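Here is a short tour of a protein chain for anyone new to reading structures. Take a look at the picture first, and then we will walk through it by topic.

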Amino acid sequence: MHITRFTLNGKEVHTHAHPLTRLIDVLREEFGMTGVKEGCGEGECGACSVLKDNMIVNSCIMALGMVDGCSIETPEGIAATARGRAIGDAYAEAGAVQCGFCMTGMAVATEALLRHTARPDEAEIRTAISGNLCRCTGYALIVEGVKRAAAARAQGAATEAPRAAAVPGAETAARRETAAKGTDS
Ligand code: FES
Ligand code: FES
């Protein structure tokens, strides 16, 4: 029987599910990650977004076997970090949430963007969330929320940097760890 092993929100996990099972089904039904939403089921809406090795993917069109040995992060894993919570706070401050169905996927897209682009401009934000559909908001307030999240993260990084540098070797180690993981959350 085939075993698929991967890292889920920082923990080593394995499953006996068939490698062709959709990733979304394994995440929701076997691991209880119900923040991964199913909208279209066809790779169009982004509600099922997760991070696979720091890249955003649609888990409804990804076979389980494709994540063997990979790192998967769900909305739950992102929301458990201070950085993830700050994204939620920024959305709330911007008034970006209406029905909320798209929001976990939006948060994954926002996290993916901010890991790679610290201070994105509006065009970069709109591109980053272009794979995530929202039927309620018209996107302007979500864009504002992402801008606020980026500003908060940049401010946090600025205030955290002196602490890391104060410990000999810490800055280099932190940078190496960030490069290895693609995140310091
Ligand atoms: S449910 Fe996966 S893209 Fe819509
Ligand atoms: S807030 Fe309702 S779909 Fe986006």
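Helix α1 is followed by G32, whose phi is positive, near 70°. You are looking at a predicted model, where local features need pLDDT of at least 70, side-chain atom pairs count only at pLDDT 80 or more, and totals for chains, interfaces and linings use all residues. Residues are numbered from 1 along each chain as its sequence is written, while chains are lettered from A and ligands numbered from 1 in the order in which they are written.

**The whole chain**
- The protein chain has seven helices and five strands; helices (H or I, at least four residues) and strands (E, at least two) are DSSP runs, numbered from the N terminus.
- Read from the N terminus, the elements follow the order β-β-α-β-β-β-α-α-α-α-α-α.
- Of the 185 residues in the protein chain, 36% are buried; a residue is buried if 20 or more other C-beta atoms lie within 10 Å of its own, exposed if 12 or fewer, and partly exposed in between, with C-beta atoms placed from the backbone.
- Among contacts with a separation of 6 or more, 58% join residues 24 or more positions apart; two residues are in contact if their C-beta atoms, placed from the backbone, lie within 7 Å.

**The sheet**
- Five strands form an open sheet in the order β2-β1-β5-β3-β4, with mixed pairing; two strands pair if DSSP finds at least two bridges between them.
- β2 and β4 are the edge strands, each pairing on one side only.
- From one strand to the next, the twist averages 40°; angles run from 0 to 180 degrees between N-to-C directions, and axes are lines fitted to C-alpha atoms, for helices over the stretch in contact.
- Helix α4 packs on the sheet, where it touches β3 and β4, and its direction makes about 30° with that of β3.

- Strand β1 (residues 4-8) pairs with β2 in the antiparallel sense over five bridges; T7 has E12 as its bridge partner in β2, and T4 has T15.
- Two residues lie between the strands of this β1 and β2 hairpin, and N9 takes a positive phi near 50° there.
- Strands β3 (residues 49-52) and β4 (residues 55-58) run antiparallel and are joined by four bridges, with K52 standing opposite M55 in β4.
- The hairpin of β3 and β4 also has two residues between its strands, and here D53 takes a positive phi near 50°.

- Which residues of helix α1 (residues 23-30) are buried? They are L23, I24, V26 and L27, and their cover includes β2 (11-15) and β3.
- β2 itself is hardly covered, as the count of buried residues among its five residues is zero.
- E44, in the loop between α1 and β3, is partly exposed because 13 other C-beta atoms lie within 10 Å.

- Since 13 of its 14 residues are buried, α4 is largely enclosed by the rest of the structure.
- The axes of helix α3 (residues 82-94) and α4 come within 10 Å and cross at roughly 120°.
- That makes α3 oblique to α4; angles under 35 degrees count as roughly parallel, over 145 as roughly antiparallel, 65 to 115 as roughly perpendicular and the rest as oblique.
- Where the two helices meet, G84, I87, G88 and Y91 in α3 face M103, A107, T110 and E111 in α4 as contacts.
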